[in-house]
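User: Could you walk me through this structure?

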Amino acid sequence: MAQYLMSVLHDGANLATAQEDAAIDVYNEQLRADGHWVFAGGLASPGSSTVVDGRDGEPVFTDGPYLESKEHIVGFWIVEAPDLDVALRLAALGSKHCNRRVELRPFL
């Protein structure tokens, strides 16, 4: 089994609706029941982020997102799947349930 990161992309400031939250809960339960679940979580707005650069001596802390963008990651799933085809199917279902675009990337 390989692990994949499914990042939920969103271009607005509004949170998920009650209907979307309910659909995500159903999807999460199905992931658990089918043995694909590893971990998932929602993220605070990009404005709450801090960029930390500790490469040269004392770390530098900068408020706000690293990149200015119309889209940002609002949540994610980490799933296990036997192959890319299954992972793509899981990502498509995740996108449908959360009503957002999902980016799929394998872990090395």
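Predicted model: local features only at pLDDT ≥ 70, side-chain atom pairs only at ≥ 80, totals over all residues.

User: How many residues has the largest nonpolar core?

Analyst: The largest nonpolar core has 16 residues, and Met6, Trp77, Val79 and Leu90 have the most contacts inside it; such a core is a set of buried Ala, Val, Leu, Ile, Met, Phe, Trp, Tyr and Cys residues joined through side-chain atoms within 4.5 Å.

User: Which element gives the largest share of this core?

Analyst: H2 does, with five residues.

User: Now His36, is it buried or exposed?

Analyst: His36 is buried, with a relative accessible area of 9%, where buried means under 20% and exposed over 50%, with partly exposed in between (1.4 Å probe, protein chains only).

User: What lies 2.7 Å from a polar atom of its side chain?

Analyst: The backbone oxygen of Glu80 lies at that distance from the side chain of His36. Leaving aside neighbours within four places in sequence, Leu90 is in contact (heavy atoms within 4.5 Å) with residues including His36, Met6 and Val79.

User: And Glu20, buried or exposed?

Analyst: Glu20 is buried too, at a relative accessible area of 11%, and a polar atom of its side chain lies 2.9 Å from the backbone nitrogen of Thr17.

Conventions. Residues numbered from 1 in each chain as written. Heavy atoms only, no water. Polar contact = N/O pair within 3.5 Å; in protein donor to acceptor, adjacent residues only side chain to side chain. Helix = DSSP H or I, 4+ residues; strand = E, 2+ residues; numbered from the N terminus.
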